[in-house]
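Reader: I am new to this structure and would like to know what lies behind the words used for it. Could you take me through them?

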Amino acid sequence: PTHLWSGSGGRLLRFPRPASISGPLRAQVAFEVDAAASFVALDGNTLWTGDFYRSGDGDPRRRWAVAYTIDAATGHLRSTATRLAPDGRTVLAPDRAVRIPDRVQGLAMVGPYMALSRSYGPHTSTLELYARPVDVAPGVVTDLPSQALRILKLPAGSEDLEAAGHRLAVV
């Protein structure tokens, strides 16, 4: 990838990928997205982001991960369609959306799996593997299966995930 991506407060930020970091990085561009951008994951030319949701907080329908396609020529998100988010912001409409469980702190696509890191506070974290969602139609929110294919217990505080090929790092 030629850029670094970060998310927060409903925005995805694109940074130039430096050879080395010797000072603060400045975002080249920001995209208002239809998620809190609590976590960000790159999967080829697809950028996933989503909402951290704890049971009882806010609207449970917002417990989702959304995907945006990155235009290879410009490095921008390809979506140009906008819509009004529940918080009143005008945001880019996602290319795909998948409903996820609560307490998701990280997401990664690894081989045939969607990996989710789930945690909150001092409690044991889990790494859950689901079948990778395929053929998610634009404008349709797809549900993950109710049961993960595999659940691994992790130390409390394990949150972000990074995928490299068929390897997965937990941060």
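Author: Gladly, and let us begin with a term. Buried means under 20% relative accessible area, exposed means over 50%, and partly exposed is in between (1.4 Å probe, protein chains only). This is a predicted model, in which local features need pLDDT of at least 70, side-chain atom pairs count only at pLDDT 80 or more, and totals for chains, interfaces and linings use all residues. Residues are numbered from 1 along each chain as its sequence is written, and side-chain values use heavy atoms, leaving out hydrogens and water.

Reader: Why does Phe52 count as partly exposed?

Author: Its relative accessibility is 27%. That value falls between the limits of 20% and 50%, so Phe52 is called partly exposed.

Reader: What makes the pair of Phe52 and Tyr120 stacked?

Author: Rings of Phe, Tyr and Trp (its six-membered ring) pair if their centres lie within 6.5 Å; planes under 30 degrees apart count as stacked, over 60 as edge-to-face and the rest as tilted. By this rule there are 2 aromatic pairs. In one of them, the ring centres of Phe52 and Tyr120 are 6.0 Å apart and the planes are at 25°, so this pair is stacked. The pair links distant parts of the chain: Phe52 is in the loop between strand E5 (46-50) and strand E6 (64-69), Tyr120 is in the loop between E11 and E12, and they are 68 residues apart.

Reader: How do you know that E11 and E12 are strands that pair?

Author: Helices (H or I, at least four residues) and strands (E, at least two) are DSSP runs, numbered from the N terminus. Two strands pair if DSSP finds at least two bridges between them. Strand E11 (residues 113-118) and strand E12 (residues 125-131) have 6 bridges in the antiparallel sense, so they meet that rule. At one place along them, Ser117 has Leu127 in E12 as its bridge partner.

Reader: Why is one side of strand E10 left without a neighbour in its sheet?

Author: The sheet is open, with 4 strands in the order E10-E11-E12-E14 and antiparallel pairing. Strand E10 (104-110) and strand E14 (150-154) stand at the edges with a single partner strand each, so one side of each has no neighbour in the sheet.

Reader: What joins E4 to E5?

Author: Strand E4 (residues 39-43) and E5 run antiparallel and are joined by 5 bridges. One example is Phe39, whose bridge partner in E5 is Gly50. The two strands form a hairpin with 2 residues between them, and Gly44 in the turn has a positive phi of about 65°.

Reader: Is Thr46 buried or exposed?

Author: Thr46, which lies in strand E5, has a relative accessible area of 7%, so it is buried. Asp51, in the loop between E5 and E6, counts as buried at 7% relative accessibility.
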